[in-house]
Amino acid sequence: MRAVLVGLGAVGARSARQLLSSKSVSELVVLSRKPALVEGRVAALGATGVVRLEQLRPAAFAQALAGAGVVLLAAPGPGGELAAASVRASVPVVSVSDDPAEVRTLLELDGEARRRGVAVSAGAGMAPGLSCLLAAWAVTKMDEVTEVHVATLGTGGPACARRRHAALREVLDEWRDGAWARKVAGSGRELVWFPGYSGADCYRVNRPDSLLLTRAFPTLRAATARAAASRRDRFTSRLPMLRPPHPEGTVGAVRVEVRGRRAGEAEVVILGAAGRAALLAGTVAASAAVRAATGRLRPGAGGLASLVSSPGELLAELSERGVNILTFEGGGTPAAW
Amino acid sequence: MATEHRGAGRRANVTLLSRALLAVVMAGLVAVIVRLRGSGGTPPHRGGWRQLSETDLEPMDQA
């Protein structure tokens with residue numbers, strides 16, 4: 001099967017490596033806006049004859065689409081047009097974007113994707129992505145889910161860091177008491193204990209977690225998204241980034257707290273994962289792409305919590321690929337968010 | 001006499017305005033300090049993270 005990968009940044013490179021390690025992928029076409037900059041990365045993949053690098057142009061994309069099994073969008077910037085073209089060609093799409101505007105654009109493809117029987121997986125990175133899978137798995141332990149709270153630490157690559165910088169200053173919609181409430185990013189401080197890391201103060205950010213989770217779990221009363229940020233991050237979020245982000249991203253972690261009821265009792269499940277953020281995101285994206293290509297994601301547009309019928313199976317696969325899934329036990333009932 | 005009276009009234013207005021301005025600036029500074037300082041809660045006193053094995057993860061779908 002041929003996979004088409006758009007973008008070979010920190011997350012794209014990890015996705016490429018994971019795709020090439022899959023038995024389902026026999027050919028990888030990498031489309032980049034600046035191919036000269038990523039030639040070294042393509043060579044480092046070490047899959048001569050299997051990987052083809054081309055400049056991202058409409059004609060090159062259309063050519064790559066013909067006969068492709070899946071398109072993985074891992075480049076910053078609007079991917080809506082590329083996703084729409086893929087759906088029209090009945091090729092499933094997986095996007096790692098955590099930009100709410102882009103995710104909304106992808107969700108608009110739901111009708112067309114269902115008609116053509118293909119999946120459009122919006123937000124298939126660390127958060128949303130792994131966060132949605134963890135929430136979906138926790139929900140299988142409950143009779144009814146009422147709240148999901150996602151917190152993250154770290155960024156995948158420069159594009160993720162720039163997006164997080166913007167997400168800390170924007171106005172956002174948060175799902176509260178069964179309705180959308182307008183909130184300011186950078187507010188709502190919570191001390192969050194991440195796996196493999198000490199506590200970090202987290203604040204509201206404009207990320208599409210709430211949007212994707214409420215579509216997956218209609219009984220939700222609250223869905224929130226927070227990210228760890230320092231005082232400097234918040235103070236300078238309204239300014240241009242003071243220094244360039246790290247090209248390979250940072251160490252990251254995700255923590256998902258799911259609240260609901262089981263056998264009439266209140267139930268809280270806390271799950272997490274830690275590692276290099278780009279690696280977590282790339283592994284999730286590649287695994288989702290292989291599932292989409294092999295028809296193991298539900299048709300339609302949505303987050304992984306909506307499209308994956310067996311979250312435990314996919315989490316086990318991620319665990320095999322080195323993503324350690326953890327649960328927080330014995331801490332009692334945490335305070336309300 | 002009337003001119004002196006008007007001058008005193010203007011001085012009182014300016015004083016009131018400058019005090020109001022000072023109060024707004026002080027409130028802003030306090031807001032910035034409150035927003036930037038402090039902590040978002042207390043760390044958990046018990047419990048810890050446990051890694052889930054593949055067998056932990058898989059059967060849950062059938063539960």
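How far apart do the C-alpha centres of domain 1 of chain A and domain 2 of chain A lie? They lie 22 Å apart.

## Model and numbering

This is a predicted model, in which local features need pLDDT of at least 70, side-chain atom pairs count only at pLDDT 80 or more, and totals for chains, interfaces and linings use all residues. Residues are numbered from 1 along each chain as its sequence is written, while chains are lettered from A and ligands numbered from 1 in the order in which they are written.

## Domains of chain A

Domain 1 of chain A covers 2-124 + 281-312, and domain 2 covers 130-280 + 314-327; such bounds come from an automatic or database domain assignment. Between them, 27 residues of domain 1 are in contact with 34 residues of domain 2 (contact: C-beta atoms, placed from the backbone, within 7 Å).

On the domain 1 side, α1 (10-20), α5 (100-107), α11 (277-293), α12 (304-307) and α13 of chain A each supply at least two residues. Helices (H or I, at least four residues) and strands (E, at least two) are DSSP runs, numbered from the N terminus. The largest share of this side, six residues, comes from α11(A). By class, the side has twelve nonpolar, eleven polar and four charged residues. Here Ala, Val, Leu, Ile, Met, Phe, Trp, Tyr, Cys and Pro count as nonpolar, Asp, Glu, Lys and Arg as charged, and the others, Gly among them, as polar.

## Helices α7 and α13

The axes of α7(A) (residues 130-139) and α13(A) come within 9 Å and cross at roughly 130°. Axes are lines fitted to C-alpha atoms, for helices over the stretch in contact, and angles run from 0 to 180 degrees between N-to-C directions. The two helices are therefore oblique to each other (angles under 35 degrees count as roughly parallel, over 145 as roughly antiparallel, 65 to 115 as roughly perpendicular and the rest as oblique).

Leu133(A), Ala136(A) and Trp137(A) of α7(A) meet Pro311(A), Gly312(A), Leu314(A) and Leu315(A) of α13(A). This contact has six nonpolar, one polar and no charged residues.

## Contact between chains A and B

Chain A gives 32 residues to the contact and chain B gives 20 residues. On the chain A side, α13(A) gives the most, with seven residues. That side has 13 nonpolar, eleven polar and eight charged residues.

β16(A) and β1(B) (residues 48-51) pair in the antiparallel sense over four bridges; strands pair if DSSP finds at least two bridges between them. In β1(B), Trp49(B) is the bridge partner of Phe328(A).

Methods. Contact = placed C-beta atoms within 7 Å.
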